[in-house]
Structure formats: C-alpha cells, structure tokens
Amino acid sequence: MKSISKELVQRIGLMLAGIIGIGVFISFLIEVNYGTDTCSFMVLALSKRFGISFGTCVMLVNIFLFIPVVLFERKLINIGTIINMFFVGYICDFCRGLWTRYLPQALFTVQPYRTLTFIIALIPLLISVALYMNANLGLVPYDALPTIISHRSHLPFPVVRIVWDFTAILIGVIAGKHLSIATVILAFAIGPSAAFIGNRMKPRSGKAQEHALEENT
C-alpha cells in the first residue's frame, strides 16, 4: 500500500506541475501573439466574441465537451480532468495580468525579444503537456473526445486528431480570430512533441487511458 500511495502522490505532483506549466506558458504565447495551440486559439476567439474572460471561456467549453465524455467514456475522467477544466484558463489569465504589470512589454512586441519569448515559452509548454499526459490522471475533454472518436470509429487517431484540431481552428476563424502560421504548425507539432518528451520521461504508470478504452471493448 505504501508503494502505491507513493506512486499516486508522484503522479499527482506531475499532474499539478503540468497543469500549472500549461497555464503559465500558454499565457506567454497569447501575449506574444504568434499563435497558440488549437484549443486556446478557438477559446480566445470565442472569449472575445462573447465578451468573457479567457479562463471563463475555457471552463465553459470544457464543460460542454465534458458531456459526451461522461456519456461515452467515463474511464477517461479522473482528478486531472477536473483540475485542468477549471484551473488552466484562470492560471493563464492570472499570469497575463502579472506579465502586463511587471514585465517589459518589449518582450512581447519588439524583435528579437518577441521571437525569443515565443521559443523560450514553447519548450517548457511541451514539457508541461508531457508531464500532464504522463501522470495518467485523466484527459481534458478537448483531448478525450478525439480519443473516443478514434476508438469508436476505428479510424487512425492521428487522422482524427488532425481533423479535430483543424475544426477548432475553423471555429476560431469563424468567430473572428486571425489565423497565424504558428497555430497551424502547433496543430501538428504539440501532440507528437509532447508524446516524444513523455516517452523520454519513462512514465511509471503506463498507458492508463489506452487500457481503459480496451476494457470497454
């Protein structure tokens, strides 16, 4: 029991570090305005369209996407799912307020500082995503739904994920946000990069989400 308890504590630590890191480093990408991950791109557009904060919009989108996850694949839900849903967006909002107040705005607006800020923030963002993924304590609904669709349709996950991400981009564009090349690149790069980094971390808990799906077949 002690070894199991210790492993769980370690996984919770990874999950929390990942969620905090995701919120912090996405805030840098938003301020630099070169482009973000596809989910943030969509949420930024919707939050501006409806006049609500980014954090509140993240929460509302996640709640909406949470419904089919509950209906079709509850085993993908865990404590990490809930914490991610309700805190990542607000961590990002909080950090953006700090950067506006305390950091030189040249970091986000003037070259070469702007590009350097983007690159420097992107690497720890990928590491943070990998930490969250490898904690295996639940998928955020945005990531869980393409997993479910792939499993139930028997379509290759990479294909489903790309279609899913570009659907989010389309929603963002329709909502009025300008699409940058960085967002398109990140649509292809974040998932594989985070998986690559995660594999190098030698996760202790294995592929819990995959096992959960296999148990339902």
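**Helix packing and a pocket: a working chat**

Mentor: Before we start, keep in mind that this is a predicted model. As for the second largest pocket, α1 (2-32) and α2 (38-50) each supply at least two residues of its lining.

Trainee: Okay, how much space lies in the second largest pocket?

Mentor: About 320 Å³. It is lined by 17 residues, and the closest to its centre are Asn33, Phe41, Leu44, Lys177 and His178.

Trainee: Which helix gives the most to that lining?

Mentor: That's α2, with four residues.

Trainee: And what does the lining look like by class?

Mentor: There are seven nonpolar and seven polar residues in the lining of the second largest pocket, plus three charged ones.

Trainee: Let's stay with α2. How do the axes of α2 and α3 cross?

Mentor: Roughly at 115 degrees, and the axes come within 9 Å. Helix α3 covers residues 54-72. Angles from 65 to 115 degrees count as roughly perpendicular, and α2 and α3 are therefore roughly perpendicular to each other.

Trainee: Is that crossing left-handed or right-handed?

Mentor: The crossing of α2 and α3 is right-handed.

Trainee: Which residues meet there?

Mentor: From α2 you have Ser40, Met42, Val43, Leu44, Leu46 and Ser47, and they meet Phe54, Cys57, Val58 and Val61 of α3. By class, that contact of α2 with α3 has eight nonpolar and two polar residues, with no charged ones. Leu44 is a name to remember, as it is also among the residues closest to the centre of the second largest pocket.

Trainee: Now α3 and α7. What's the angle there?

Mentor: Their axes cross at roughly 35 degrees and come within 9 Å. α3 passes α7 in a left-handed crossing.

Trainee: Who's touching whom between α3 and α7?

Mentor: On the α3 side it's Asn62, Leu65, Phe66, Pro68, Val69 and Phe72; on the α7 side, Pro141, Tyr142, Ala144, Leu145, Ile148 and Arg152. The residues of this contact divide into ten nonpolar, one polar and one charged.

Trainee: What about α7 and α8, how do they pack?

Mentor: α7 and helix α8 (residues 157-174) pack at an angle of about 135 degrees, with their axes 9 Å apart. α7 and α8 are therefore oblique to each other. The crossing of α7 past α8 is right-handed.

Trainee: And which residues in α7 meet α8?

Mentor: Tyr142, Asp143, Leu145, Pro146, Thr147, Ile149 and Ser150. Their partners in α8 are Phe157, Val160, Arg161, Trp164, Asp165 and Ala168. By class, the contact of α7 with α8 has eight nonpolar, two polar and three charged residues. Tyr142 and Leu145 in α7 also meet α3.

Trainee: Switching to the backbone: which residues does a cis peptide bond join?

Mentor: Gln111 and Pro112, with omega at about 5 degrees. Most peptide bonds are trans. Pro112 lies in the loop between α5 (106-109) and α6 (113-135).

Trainee: Then there's Asn136. What's its phi?

Mentor: Near 55 degrees, a positive value in a residue other than glycine. Most residues other than glycine have a negative phi.

Trainee: And where is Asn136?

Mentor: Asn136 is in the loop between α6 and α7 (141-153).

Key: Residues numbered from 1 in each chain as written. Predicted model: local features only at pLDDT ≥ 70, side-chain atom pairs only at ≥ 80, totals over all residues. Heavy atoms only, no water. 1 Å grid on protein atoms, 1.4 Å probe; cavity = no way out; pocket = protein on both sides within 12 Å on 5 of 7 lines; lining within 4 Å. Points joined across faces, edges and corners; volume = space filled by probe spheres on them. Nonpolar A, V, L, I, M, F, W, Y, C, P; charged D, E, K, R; others polar. Axes fitted to C-alpha atoms, helices over the stretch in contact; angles between N-to-C directions. Parallel < 35°, antiparallel > 145°, perpendicular 65-115°, else oblique. Left-handed = near helix turned anticlockwise from the far one by under 90°. Contact = heavy atoms within 4.5 Å.
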